[in-house]
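Work through the following exercises with the sequence and the model at hand, and compare each step with its solution.

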2 protein chains.
Amino acid sequence: MTVEGSASRSRPTMKDVAALSGVSIKTVSRVVNDEPGVSPDLVERVTEAARKLDYQRNLTASSLRRGDGRTQTIGLLLENVANPFSSSLHRAVEDVAREHGVIVFAGSVDEDPSKERALTAAFVARRVDGLIVVPTGSDQSYFAKERDNGTPVVFVDRPPSLLDADWVVTDNIRGADEAVTHLLAHGHRRIGYLGDLSTIRTAIDRHAGYSQALSRAGIAVDPALVRRDLGTSEEAYAAVEDLLRMPDAPTAIFTSQNLITIGALRALRSAGLQRAVGLVGFDALPLVDLIDPGVTLVVQDVVGLGRRAATLLFARAAGDDRPSQHQVLAPALVVGGTGEILGPYAG
Amino acid sequence: MTVEGSASRSRPTMKDVAALSGVSIKTVSRVVNDEPGVSPDLVERVTEAARKLDYQRNLTASSLRRGDGRTQTIGLLLENVANPFSSSLHRAVEDVAREHGVIVFAGSVDEDPSKERALTAAFVARRVDGLIVVPTGSDQSYFAKERDNGTPVVFVDRPPSLLDADWVVTDNIRGADEAVTHLLAHGHRRIGYLGDLSTIRTAIDRHAGYSQALSRAGIAVDPALVRRDLGTSEEAYAAVEDLLRMPDAPTAIFTSQNLITIGALRALRSAGLQRAVGLVGFDALPLVDLIDPGVTLVVQDVVGLGRRAATLLFARAAGDDRPSQHQVLAPALVVGGTGEILGPYAG
DNA sequence: CTGAAAGCGCTTACAG
DNA sequence: CTGAAAGCGCTTACAG
């Protein structure tokens with residue numbers, strides 16, 4: 001097999017196929033697009049020429065000329081394509097996109113608003129048919145321009161800030177409330193809270209759910225037990241160490257996000273307290289069944305989030321012009337072990 | 001804020017900017033592309049008009065006309081965007097692509113050769129500047145056409161079949177050999193092998209490494225201890241149960257892929273043998289430090305695989321026409337606990 | 001320094 | 001049933 005040679009010979013075009021089959025490019029276009037009303041004889045000749053030249057239609061040129069201008073692509077902005085939550089969302093979106101003959105650009109924003117803007121611009125420059133966004137930072141108003149210019153946008157996991165738009169999220173307040181209520185039911189009163197960056201809407205809501213559950217139980221929130229703005233597992237680890245050193249240390253902890261849960265589990269383990277301190281975490285954890293004791297978690301319907309966001313986006317792209325749609329999915333508490341460790345007020 | 005209204009007003013073009021600023025579209029093009037030699041006065045007027053209209057250049061039209069025809073996009077074919085190995089690879093590729101101003105289409109092949117072909121066609125139809133592929137099935141010869149037509153292709157994780165092409169892989173034979181040698185050194189002689197689908201090249205190589213380590217130690221491979229073609233965690237679980245029921249059961253197991261390792265860990269745990277049977281797995285596992293006992297693993301340099309594949313692809317796209325490049329990265333054995341459980345011949 | 005004409009690969013809107 | 005002309009939004013190749 002001869003390799004390379006003239007590295008970038010350019011691809012055959014309809015013109016080449018037309019020349020080889022002795023018809024006009026319009027006829028080639030008809031055959032390639034399966035338009036009816038071409039004589040069987042020409043269909044045959046064109047098909048054969050296309051096969052011989054290994055012709056592949058240039059969809060990018062096609063969409064430039066077509067009325068609707070569809071590129072059959074969408075852009076997906078994730079926190080980080082490599083994290084499990086993001087990548088599960090990605091897969092769910094991909095599956096719906098595939099049903100529509102659409103392929104997906106994905107990119108990582110890393111909780112950096114300037115990357116969100118840059119990726120959005122890059123996707124729009126390639127004229128994606130729509131955007132699905134896990135927003136970060138405190139201002140998504142600039143997406144209004146994209147939508148007004150004909151690019152629909154659906155937010156997922158978190159609602160946008162300063163913008164009336166479509167979104168699909170989990171009921172974070174309720175999930176956090178259920179987590180804390182579960183710990184209360186197992187005899188805990190002093191329950192620590194470990195939270196993500198307070199600029200993130202999900203973190204705000206989960207903190208609200210924590211406070212709501214405590215106040216319903218008639219317990220005042222002790223600010224000393226609340227640690228927010230933890231950006232990494234390591235910070236969560238340190239926060240747990242710190243909580244455990246308190247004279248009146250918490251007997252249970254609610255960790256409001258997966259990286260935080262991981263840091264907390266490591267800290268409890270290294271202190272030898274993994275069977276002594278109650279814990280409920282928000283978000284699924286991989287291989288949680290192999291951890292001992294098993295971890296009690298509030299899990300989101302990630303596939304549901306992704307599928308619904310994508311379905312809504314394609315509806316918008318097809319002309320759906322209802323007012324902004326807001327969908328809230330229920331989380332589920334999955335009993336694992338750490339959430340059932342009994343506290344001092346049990347029984 | 002008024003929402004929606006005329007849903008898909010189309011985007012402003014250079015023509016609109018030209019009209020508003022009273023210049024030709026050629027001048028708008030010069031300003032938008034930062035070409036030198038435009039009077040400051042016009043630069044100012046065009047910039048202002050573009051800002052006012054919220055003009056965003058259509059890169060897709062631009063690339064159609066440009067000489068090189070670059071779309072500043074690449075396509076990435078993964079086993080499944082949601083699995084941790086794939087998504088880490090994705091992130092590494094994304095990071096290199098970003099340095100080149102290129103965005104990434106990603107898609108899941110699910111070990112299905114027909115999906116590989118369909119995704120490749122979809123990417124090529126959008127004229128990606130190159131393809132990075134984790135190949136599946138037994139024939140990648142059709143990629144030769146794409147390369148000959150000017151679309152470079154780099155394979156990663158597995159070499160392609162029936163095609164001379166660029167690839168970047170881990171030294172799987174060596175990794176498997178090290179895993180089994182490690183178990184031998186800890187006193188095991190009867191070592192089980194659990195492997196992925198035998199059509200996958202990595203599975204073939206890892207099995208070869210297993211055999212190689214045993215024969216170097218003068219131990220004959222017992223076919224009863226070898227279980228191949230395990231496609232899921234569940235099948236691996238069943239295979240371990242089966243091995244453990246043997247009268248002369250293995251005292252250690254080498255699991256040649258992450259899903260298989262997970263199934264094996266679950267089976268050992270449910271049999272209460274997680275501290276009795278030695279185990280070394282291939283591929284990293286999330287949260288492995290929280291599992292007890294810790295799992296000994298042979299891990300790949302996933303970021304290295306992704307970065308090198310992407311770097312090679314961009315070199316090809318820039319005209320590098322050396323013969324096919326083959327890069328082999330060394331895996332690393334990470335001691336965790338299960339690999340150090342002593343066998344009957346220890347000490 | 002600026003712009004009119006042509007063309008990238010395709011589809012639209014006609015005419016025959 | 002088939003094709004010549006025009007145009008999608010841009011850039012190239014010229015001319016002034």
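**Exercise 1.** Determine how many residues of domain 2 of chain A are in contact with domain 3 of chain A, and which helices supply them.

*Solution.* Eleven residues of domain 2 of chain A are in contact with nine residues of domain 3 of chain A, contact meaning that C-beta atoms, placed from the backbone, lie within 7 Å. On the domain 2 side, helix 5 (84-99) and helix 12 (302-317) of chain A each supply at least two residues, where helices are DSSP runs of H or I with at least four residues, numbered from the N terminus. Helix 12 of chain A gives the largest share, four residues. By class, this side of domain 2 holds six nonpolar, three polar and two charged residues (nonpolar: Ala, Val, Leu, Ile, Met, Phe, Trp, Tyr, Cys and Pro; charged: Asp, Glu, Lys and Arg; polar: the others, Gly among them).

The model is predicted: local features need pLDDT of at least 70 and side-chain atom pairs pLDDT 80 or more, while totals for chains, interfaces and linings use all residues. Residues are numbered from 1 along each chain as its sequence is written, with chains lettered from A and ligands numbered from 1 in the order in which they are written.

**Exercise 2.** Find which residues of helix 1 of chain A meet helix 2 of chain A.

*Solution.* M14(A), K15(A), V17(A) and A18(A) of helix 1 meet I25(A), V28(A) and S29(A) of helix 2. The residues of this contact divide into five nonpolar, one polar and one charged.

Methods
Two residues are in contact if their C-beta atoms, placed from the backbone, lie within 7 Å.
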